Amino acid sequence: MAANDDPSAMARRRMVEEQIRWRGITDARLLAVLAEVPRHLFVPEAERPAAYGDYPLPIGAGQTISQPYIVALMTSLLDLKPGAKVLEIGTGSGYQAAVLSRLAREVYSIEIVPELGERARKTLGELGYDNVQVRIGDGYRGWPEAAPFDAVLLTAAPTDVPQPLLDQLKTGGKMVLPIGRWWQELVVLTKTPKGIVREEVAPVRFVPMTGEAEGGPPAPPPGTETPGT
């Protein structure tokens, strides 16, 4: 089958044009990546026919993969440069990490749910996203030995900004995250020499950030990460 006749490639092109570009996201690099990354391979097989729909999908363990537009919006807000190093909190399916990996030099991603983290690590490795490292554990305290980061992205909502993640952000870098419990706002924090600049973007709905972020005990020592997988 020719690439132009590949149903998943056609679905991705429609997704980009009808859901993402139509809503005002026009960054050519990002749109090209979204048209390339096979979203359907990051969701459970039963959900694959709906993988390019304009809505989130369940991925197991009570978690979801965000709708394509939200992935695009959050990624665009990071304003990534090709040499960037990115920290992602909440690997989930691995799809967001795959998108980030095609826009940045290195991606470090932490997932608190072991079954999701292992599955994402396997999928990313099989598909060749070898500049993503996945760690299983509580992401509240980040990945200090790899810091500082040019950008930090959270795909689960804390009620307050985790200070360790802000500390690991470079001056000039951006953190994009949902904040709140029942009423959540998508927020961009820019770290400047004079302090943090906060921009509220839109109301959103994400799963809550669990572990230390919700008042649990401090995280145990970090889990094992596998470079290139």
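Hi everyone, let me start with a pair of helices: H1 and H3 are roughly perpendicular to each other, a label for angles of 65 to 115 degrees. Their angle is about 75°, with the axes 10 Å apart; axes here are lines fitted to C-alpha atoms over the stretch in contact, and angles run from 0 to 180 degrees between N-to-C directions. On the H1 side, the contact (heavy atoms within 4.5 Å) uses Met-15, Gln-19 and Ile-20, and H3 brings Pro-68, Tyr-69 and Ala-72. By class that makes five nonpolar, one polar and no charged residues.

Quick housekeeping. This is a predicted model, where local features need pLDDT of at least 70 and side-chain atom pairs count only at pLDDT 80 or more, while totals for chains, interfaces and linings use all residues. Numbering runs from 1 along each chain as its sequence is written, and side-chain values use heavy atoms, with hydrogens and water left out. Helices (H or I, at least four residues) and strands (E, at least two) are DSSP runs numbered from the N terminus.

Back to H1, residues 7-20, and now its packing with H2, residues 28-36: the angle is about 135° and the axes lie 7 Å apart. That makes H1 oblique to H2. Which residues of H1 and H2 meet? Arg-12, Met-15, Val-16 and Ile-20 in H1 face Leu-31, Leu-34, Ala-35 and Glu-36 in H2. This contact has six nonpolar, no polar and two charged residues.

On to the largest pocket, with a volume of about 640 Å³. Of its 36 lining residues, Thr-64, Thr-155, Ala-156, Phe-206 and Val-207 are the closest to the centre. A pocket here is an open set of points on a 1 Å grid where a 1.4 Å probe fits, with protein on both sides within 12 Å along at least five of seven lines, and lining residues have an atom within 4 Å of a point. Elements supplying at least two lining residues each include strand E2 (63-65), helix H3 (68-78) and strand E9 (195-204). The lining divides into 19 nonpolar, 13 polar and four charged residues.

Last, two backbone details. Most residues other than glycine have a negative phi, and most peptide bonds are trans. Ala-61, in the loop between strand E1 (57-60) and E2, has a positive phi of about 60° although it is not a glycine. And the peptide bond from Ala-147 to Pro-148 is cis, with omega near 5°; you will find Pro-148 in the loop between strands E5 (132-136) and E6 (149-154). Thanks, everyone!

How values were computed
Angles under 35 degrees count as roughly parallel, over 145 as roughly antiparallel, 65 to 115 as roughly perpendicular and the rest as oblique. Ala, Val, Leu, Ile, Met, Phe, Trp, Tyr, Cys and Pro count as nonpolar, Asp, Glu, Lys and Arg as charged, and the others, Gly among them, as polar. Grid points are joined across faces, edges and corners, and a volume is the space filled by probe spheres set on the points.
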